[in-house]
Amino acid sequence: MMSTFNNLFALFLLLVSNDIAYGVVHHASSYPSHVSNVPEQHVHAPIVEQPLAKIDILKAVIALHESASIRANPFLLGSKGEDTEWINVNLEYPRPTNDDWVGVFSPAKFNSSDCYPETGTRQEASYICTSPIKYKYANHSTADYVRRGKATLSFQIINQRADFSFALFTGGFKNPKLVAVSDPISFSNPKAPLYPRLAHGKAWDEMTVTWTSGYNIDEATPLVEWGRKGHNKKLSPAGTLTFTRGSMCGAPARTTGWRDPGFIHTSFLKELWPDTMYVYEYRVGHLLKTELTIWSKIYSFKSSPYPGQDSLQRVIIFGDMGKAERDGSNEYANYEPGSLFTTDQLINDIKNYDIVFHIGGLAYANGFLSQWDQFTAQVEPISSVKPYMIASGTHERDFPNSGSFYDTSDSGGECGVPAETMYYVPADSRAKLWYSTDYGMFHFCIADSEHDWREGSEQYVWIEKCLASVDRQKQPWLIFAAHRVLGYSLNSGLADEGATEEPMGRTHLQKLWQKYKVDIAFYGHVHNYERTCPIYQNQCVNSEIFDYSGTMNGTIHVVVGGGGSRLSDYTENNTSWSLYKDRDYGFVKLTAFNHSSLLFEYKKSIDGEVYDNFTITRDYRDVLACVHDGCEATTLTN
């Protein structure tokens, strides 16, 4: 036991100033009285903030205890190339309470040199200034921890380019006291290329692949080896980006939530054959100066169809999924309880769709940068084999005085930088995340609701250009999407403000939807499902509910924000235009069978079954037909 204490004390000396003497406990705040060992019942209500934000890490004090210990095994991870491992953590503490918790820190050696407030001046009063990447209560899986003072926990650890340590704290989240720290553990190659994300390029025959690694370009050259399955492969170069603490707009992203993002690489795979029976294989890697290449595992994908191509085409759309932890850490069951339901359903159904649109509400990192790695790892079984297209949302972009349209702090100081760097979209500027993309018979106009979209704005001009550019004879299915509800919703939060939309949304945009005959408009932000009738100016313009044929006369608006985050309520008021509502986790699947037939399905994430659906059957002349405020000019001249 004394040997263990000596090891802990050595770490203690790394954490605090060199002049601290043995046996002295340093405080950033007053030491609370010892909590009784009487068992307590923790009632965990839904969490309305990033769980890591609950930890007041700046108040942490060093209180290493001679009889406390925490051990993690195995020490070496990924020896067979794995990027994920399960870790067993055994801990002992003679003064246990129900508020004791274990934090996972990476890098393993956290210390006061990391303390930088928003001003950039070192903050001397704190000893630990980096939040853990995840945590669990000590009694998470050991019911008698308070009685015995011993517990065993299991954590799922992903490769995040650094080593890890496990720290036992008492005093809860508000007054944490560090009583024991484990020896570090590490992946065999922390810098390995990981978590590829496919996305459309700007040309129809181009696919991009983005991935994360620990290799900067002065150490290794990023590249992709790819080609048709069974044929010779070619090499394509990749560009490299990263960002720094100074790129963040505020706390916690540039303070306690900061973590080095590594390096993000993007390669452009060009001149692909249109969607056919051909399957492309690829792997990402880094050519070291020793001429050794570090490769990822091999992935495969199918290229996208030529714009207008007549074939079976299947699209998934949802918003606000967030991330969760399969090991039960971070209390995500109370924060984003449906995230894994949606992820797993899409993984299980991977062969039955072609492209994914995640329209905002991505990682919900909210300024805790470690969570972006964990999100990209969670969706990697999807994004590595299907184009994973994103939209910008509140939790990706919004922060005061940062140029976002909404002056909220939802991004936790990220102000769009991680999302815009981690994911490629075919936008003219990643800082203005609006773009168009084609998938066969579909034309998508993806707006950025976190930048001004009102009439006269730069984005409004782009939206009209995007809607006007489509040839409906070749691409009959015109889809608009944005994160915030710019159309229609009976969300209770909007109703409390006397609205059924994001203020000013319909006022500025409905004339464009009507003029260019948008078929369906999708939104997230509101965490539930809702579908309207074809509607214009608050009035249903088509009496059908499930089987639409001929001219639609208006746009169907769909809220599909039930990807995983805690659910939103509806107002008790009802309207004739709201046809179907579901307060549950789910996603939408669109299936275009040909130029005349489209199937819409809303599926619940828990079982993958269809709970709402409709079809659209029409010919090209129905798209051309005159509708209210959507008629082409005519003349009586012969």
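**Disulfides in a predicted model**

Q: Which residue forms a disulfide with Cys249, and how far apart are their sulfur atoms?
A: Here a disulfide means a pair of cysteine sulfur atoms within 2.5 Å. The model is predicted, so local features need pLDDT of at least 70 and side-chain atom pairs pLDDT 80 or more, while totals for chains, interfaces and linings use all residues. Residues are numbered from 1 along each chain as its sequence is written, and side-chain values use heavy atoms, leaving out hydrogens and water. The partner of Cys249 is Cys415, with the sulfur atoms 2.1 Å apart.

Q: What handedness does the disulfide of Cys249 and Cys415 have?
A: Look at the torsion about the S-S bond, which is about 85°. Because of that value, the disulfide of Cys249 and Cys415 is right-handed.

Q: Is Cys415 buried or exposed?
A: Buried means under 20% relative accessible area, exposed over 50%, and partly exposed in between (1.4 Å probe, protein chains only). Cys415 has a relative accessible area of 7%, so Cys415 is buried.

Q: What handedness does the link of Cys533 and Cys540 have?
A: A disulfide joins Cys533 to Cys540, S to S 2.1 Å. The angle about the S-S bond is -90°, and the link is left-handed.

Q: Is Cys626 buried or exposed?
A: Cys626 is joined by a disulfide to Cys631, S to S 1.6 Å. Cys631 is partly exposed at 41% relative accessibility. With a relative accessible area of 54%, Cys626 is exposed.
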